[in-house]
Amino acid sequence: MQMATGPAAAPDAGLVVAKALMSAAARLGLSNRQVAAIIGTSEASVSRLQRGRAIDPRSKEGELALLLVRLFRSLDSLVGGDEPQARAWMHAMNDHVGGIPAERITTIEGFVDVVQYLDAMRGRL
């Protein structure tokens with residue numbers, strides 16, 4: 001007897017965003033405190049993300065989470081997937097972005113500057 005298979009259930013977008021955010025943050029060497037400052041939430045909320053809390057991609061928190069994932073993808077592309085090099089770049093002084101990227105991205109202005117810089121560098125590839 002063959003069982004009928006229906007269409008696969010679509011993954012919950014909020015859980016996908018939360019998982020992508022936490023993966024990107026870990027790979028960039030960002031602490032929960034830094035992630036909280038970046039996406040504008042509390043450290044406790046970030047801790048709950050690790051335990052399965054979702055992020056609405058349409059919320060401000062979700063938009064900032066997606067921007068951090070975009071930053072990670074751009075940097076990962078530039079360093080050829082070398083995580084230690086990506087971490088080193090995030091935590092070292094960078095004159096082009098006007099400071100240490102991991103610190104700059106805790107403000108909206110700095111976050112946008114870093115993402116635009118990485119997008120421009122990626123465009124050169």
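In this presentation, two residues are in contact, or touch, when they have heavy atoms within 4.5 Å of each other. Good morning, colleagues. The structure before you is a predicted model, in which local features need pLDDT of at least 70, side-chain atom pairs count only at pLDDT 80 or more, and totals for chains, interfaces and linings use all residues. Residues are numbered from 1 along each chain as its sequence is written, and side-chain values use heavy atoms, with hydrogens and water left out.

I begin with the overall architecture. The C-alpha trace spans about 65 × 35 × 25 Å along its principal axes. Of the 125 residues, 36% are buried, where buried means under 20% relative accessible area, exposed over 50%, and partly exposed in between, with a 1.4 Å probe and protein chains only. Among contacts with a separation of 6 or more, 59% join residues 24 or more positions apart.

Leaving aside residues up to four places away in sequence, Ala 36 touches Thr 41, Ser 42, Glu 43 and Val 46.

Val 46 leads us to helix 3, where Ser 45, Val 46 and Leu 49 are buried. These residues lie on the same side of helix 3 because they cover an arc of only 100° around the axis, the arc being that of the directions from the helix axis to the C-beta atoms. The buried residues of helix 3 pack against helix 1 and helix 2. After helix 3 comes Gly 52, with a positive phi near 105°.

What is the angle at which helix 1 and helix 5 pack? It is about 80°, and their axes are 8 Å apart; axes are lines fitted to C-alpha atoms, for helices over the stretch in contact, and angles run from 0 to 180 degrees between N-to-C directions. Helix 1 is therefore roughly perpendicular to helix 5, a label for angles of 65 to 115 degrees, whereas under 35 is roughly parallel, over 145 roughly antiparallel and the rest oblique. Ala 26, Arg 27 and Leu 28 of helix 1 meet Glu 83, Ala 86, Arg 87 and Met 90 of helix 5.

Leu 30 sits in the loop between helix 1 and helix 2. Is Leu 30 buried or exposed? Leu 30 counts as buried because its relative accessibility is 9%. Beyond residues up to four places away in sequence, its contacts include Leu 68, Met 90 and Ile 105. Leu 30 and His 91 are 61 residues apart in sequence, and their C-alpha atoms are 9.2 Å apart.

Finally, Asn 94 lies in the loop between helix 5 and helix 6. Asn 94 is buried, with a relative accessible area of 8%. Not counting residues up to four places away in sequence, Asn 94 touches Trp 89, Gly 99, Pro 101 and Tyr 117. Thank you for your attention.

Definitions and conventions:
Helices (H or I, at least four residues) and strands (E, at least two) are DSSP runs, numbered from the N terminus.
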